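Q: Could you take me through this model feature by feature, giving the general idea before each case?

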Amino acid sequence: MTDGAAGITDQHVADFARDGVVCLRQVIGADWIDSLRAGVDKNIAQPSTRGRVWDRDASGRVTFYDSQAWRDIAEYQDFVEHSPMAEIAGRIMDAEAVNFFFDAIFTRSSGSQFRTPFHQDEPYWSVDGFDTCSAWMPLVAVEKRSALEFVRGSHTWGHRYAQINFAALTGDERDQVSYDEIDDDGLVPFPDIEGNRADYEILSWDMEPGDVAIFNARIIHGGSGLLRPDRDLKVFNTQWLGDDVRVCFRPEGMDPDHRQVMTEQGLRPGDRVGGPLYPELWRRGPRQQ
Ligand SMILES: O=C(O)CCC(=O)C(=O)O
């Protein structure tokens, strides 16, 4: 194992820039995984106010999402502040500095089939910029067919797609993202990836705890689910912001919507994020000659 940012090569950085995603193998040590598993168990037992059930099937199998719990769950806070992830994010983005944005979990009970609809992340966020990454970390082994899928290179396509409204999907009225009232000639329908899979280059991997699928928030991604009856899935995810990212409040709505907390922190559209909720956790030292 090459634990931490030392495992990131120039090839990884180039692959991330070109493809929008790279699967880093065994960069997070077993102690962090054990600690995060304990944190996720606490989180599931006591969801935050931001917890949402994305799916509950006829057999009672649940796909659950929660976010922004890092200041309430000690294991999450420890990981965010002290694990190698901030440096990994900085190195993979080739950034000068990295701020933490928020954490999320995606859990599926054994045998869950529910697949996350394809979408991009950045169009939902209360920030705007290209230099972002999300670190999707399964805390249990996951087969390729059940892992998150990515449309290779789609982070650079440059289209402004109308994203799915997750609030409509779950029946949960919070965090509405709807383009119905938006006057935007540049908006185009979201492509039907699932219905035309052969037309796209879709990446996913068999993954073990310690592996990280790290991706640009503009890449089209979705899937997961399709679990075998004896397999559950617990994923811990952290989102990181690099050099060009600025606060942006979107008229179509945001999910998760940080407008209120950002405004309370004195952050306004156009500002670089910072402060206790979005701490800078890594900065590049002088470049080696
Ligand atoms: O794990 C999933 O099902 C969804 C993950 C996702 O969409 C994300 O990490 O942005």
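Q: In strand β13, which residue is the bridge partner of T116?
A: Strands of a sheet pair through backbone hydrogen bonds, either parallel or antiparallel. Here the bridge partner of T116 is G223 in β13, and β5 and β13 (residues 221–223) pair in the antiparallel sense over two bridges; two strands are said to pair if DSSP finds at least two bridges between them. This is a predicted model, in which local features need pLDDT of at least 70 and side-chain atom pairs count only at pLDDT 80 or more, while totals for chains, interfaces and linings use all residues. Residues are numbered from 1 along each chain as its sequence is written.

Q: Which strands form the edges of the open sheet?
A: The open sheet has four strands in the order β5-β13-β8-β11, with antiparallel pairing. Its edge strands are β5 (116–119) and β11 (202–203), each of which pairs on one side only. Strands (E, at least two residues) and helices (H or I, at least four) are DSSP runs, numbered from the N terminus.

Q: Which residues of α3 are buried, and what covers them?
A: In α3 (residues 74–82), the buried residues are E75, Y76 and F79. Seen down the axis of α3, they fall within an arc of 100°, so they line one face of the helix. Their cover includes α2 (30–45), α4 (85–93) and β4 (97–108), where contact requires C-beta atoms, placed from the backbone, within 7 Å.

Q: How many residues of α4 are buried?
A: Eight of the nine residues of α4 are buried, and the helix is mostly covered. D94, which follows α4, has a positive phi, near 55°.

Q: Which residues surround the ligand?
A: The ligand is surrounded by F106, T116, D121, S134, W136, L148, H221, S224, V235 and N237. Strands β7 (132–138) and β14 (233–241) each supply at least two residues of this shell.

Technical notes:
Near = placed C-beta within 6 Å. Buried ≥ 20, exposed ≤ 12 C-beta atoms within 10 Å, placed from the backbone. Arc of directions from axis to C-beta. Contact = placed C-beta atoms within 7 Å.
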